[in-house]
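Have the sequence and the 3D view ready, and follow along.

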Amino acid sequence: MAEVQVSLGERSYTIHIGNEQLANFRTTNAHKLNKQLFIITNPTVSQYYLKPLLNVLTDHHVDFFEMRDGEQFKNLDSYAEIMDRLISKGYNRDCGIIALGGGVVGDLAGFVAATFQRGVDFYQIPTTLLSQVDSSVGGKTAVNHPHGKNLIGAFYQPKSVTIDIDCLQTLTERDFRSGLAEIVKYGIIYDADFFHWLEHHAAELKQQDPDALTYAIKRSCEIKADVVAKDEREKGLRALLNLGHTFGHAIEAATTYGEWTHGEAVSAGIIIASKLSEVTQRLSASDFRRIKELLTAFELPTRCPDMPWESWLEYMQRDKKVKDDQLHFVLPTAIGQADVVKDIEHTTVAAVITECC
Ligand SMILES: NC(=O)c1ccc[n+]([C@@H]2O[C@H](COP(=O)([O-])OP(=O)(O)OC[C@H]3O[C@@H](n4cnc5c(N)ncnc54)[C@H](O)[C@@H]3O)[C@@H](O)[C@H]2O)c1
Ligand SMILES: [Zn+2]
C-alpha cells in the first residue's frame, strides 16, 4: 500500500494505492465520509465493484446511478438525469458524490459534484489504469458538447482518490495498454530515472505484476500531483502533461469512435512530437529511439493513421490548446524534460507527420 499527497492548501488530499483498497474505502476515508452518499458508475464497472463498495457503506444512506457506458454519454443529458435524481431523492449540500469507474465516469461525476448545490464533497475511485494515473488526479472535471470534448467543466478537487489495483484485473488488455501510454508520458516529460525504470520493468508491468504496478501508478500520481500543485490551472507547467495530445486528439477526432483508444492515439502522438523535436534539433536521435522502443515494448502504436494534412490542421486548430492562432507543441527536449514550442513551420510539421504515417 502506498500513499501520495496532493498539496493544494486546504484543498489537499491523499491518493491511496494498493490491493483491496475498495474494501478499505470506509477506513481510509472514515473521518470525512458523508452520511448521504451518491455513487455514479456504469454497468460494466458496477457488475464487479458496486456490491463490494456498498458492503462497506452500510452505515450510510447510499443511492447510485448507472450511466450508459461510453464517451458519448459524458454529456449534458447524463448530467441532467443525475441532477434530477439527486434532487428528487432529497440529497442536500452535505452529501458526497463517489465516482466508481474510468475517466468518463470520473469526469462526469466530478462536474456533478462541482455544481450540485454549488459544490459538494467528491471522492474518486478510478478503475481503469488511465484514470488511476491521470484523470482522477488534479481536479479537471468536464462533459462533452457536440462541438467538442470537455468544453463544459470546472476545476474541482476530490476529497480523496482510492486506487485499487485489483480492479485492473477485469480491464481489457487494450484499455490497460492505453493507460501505459500516459505512464510513459510522465517519464518523458518529467523523470528520466522513472523512464529508465520503465525500460527495465516493461515485462513485469505488461504482466500486471502487483509491485511493479503499484510503483508505476504511485510514481505517475506523484508526478501529476507535483505538476498540479505547482500549476493547478494550467498557466504553464501543467501544459507539459499534454505531450502527444494535440496530435492524439486529431487522430481520435478524425477516426471513428472506438477505432483508436485515447492511449493509443497519445502513443502515436508522442512519436510525432518526439520526431518533430528531433528534426528541429531539440532531441537527440538516441533519445528518440528510446522513446519509440519503450512504446513498442508496451505494444502501443508508433505509427499514425494516414490522413490529409488539411484534416490534421483542422483538428489540431480545434484543439483547445491552440492560443493566439498559433499551434503550440509540447516537445520532449531530452528523456525527463519537455518544452512548449510555438514557432514551427507548418511545412516541417506536415513533413514529420508524413514520415510517421
Ligand atoms: N480529468 C482529466 O484530467 C482527464 C485526463 C485524461 C483523460 N480524461 C478523460 O478520461 C476519459 C477516458 O478515460 P478511460 O480511458 O478510463 O475510459 P472509460 O472511462 O471509458 O473506460 C474504458 C472502458 O473500461 C471500462 N471499465 C472501467 N473500469 C473497468 C474495470 N475495472 N474492469 C472492466 N472494465 C472497466 C469502462 O466501462 C469503459 O468501457 C475521457 O473522457 C477523457 O477525456 C480526463
Ligand atoms: Zn491523456
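Phe329 is buried, with a relative accessible area of 3%; buried means under 20%, exposed over 50% and partly exposed in between, using a 1.4 Å probe and protein chains only. Keep in mind that this is a predicted model, where local features need pLDDT of at least 70, side-chain atom pairs count only at pLDDT 80 or more, and totals for chains, interfaces and linings use all residues. Side-chain values use heavy atoms, leaving out hydrogens and water, residues are numbered from 1 along each chain as its sequence is written, and chains are lettered from A and ligands numbered from 1 in the order in which they are written.

**A stacked pair**

- The ring of Phe329 pairs with that of Phe247: their centres are 5.3 Å apart and their planes are at 5 degrees, so the pair is stacked.
- For rings of Phe, Tyr and Trp (its six-membered ring), a pair needs centres within 6.5 Å; planes under 30 degrees apart count as stacked, over 60 as edge-to-face and the rest as tilted.
- This pair links distant parts of the chain, 82 residues apart: Phe247 sits in helix α9 (residues 245-254) and Phe329 in strand β10 (residues 329-334).
- Helices (H or I, at least four residues) and strands (E, at least two) are DSSP runs, numbered from the N terminus.
- Phe247 is buried too, at 2% relative accessible area.

- How many aromatic pairs does the structure hold? There are eight.
- Among them are Phe194 and Tyr215, with ring centres 6.1 Å apart and planes at 70 degrees, so this pair is edge-to-face.
- Phe194 belongs to helix α7 (residues 192-206) and Tyr215 to helix α8 (residues 210-230), 21 residues apart.
- Phe194 is buried at 1%, while Tyr215 is partly exposed at 33%.

**Charges over rings**

- Lys275 lies over the face of Phe288, 4.4 Å from the ring centre; the rule is that NZ of Lys or CZ of Arg must be within 6 Å of the ring centre and within 35 degrees of the ring normal.
- Lys185 does likewise with Tyr186, at 5.1 Å from the ring centre.

**Cysteines**

- A disulfide is a covalent bond between the sulfur atoms of two cysteines.
- The structure holds zero of them, where the cut-off is a pair of cysteine sulfur atoms within 2.5 Å.
- Cys304 is in no disulfide, and its nearest cysteine sulfur, that of Cys357, is 3.1 Å away.
- Cys304 is buried at 6%, whereas Cys357 is partly exposed at 28%.
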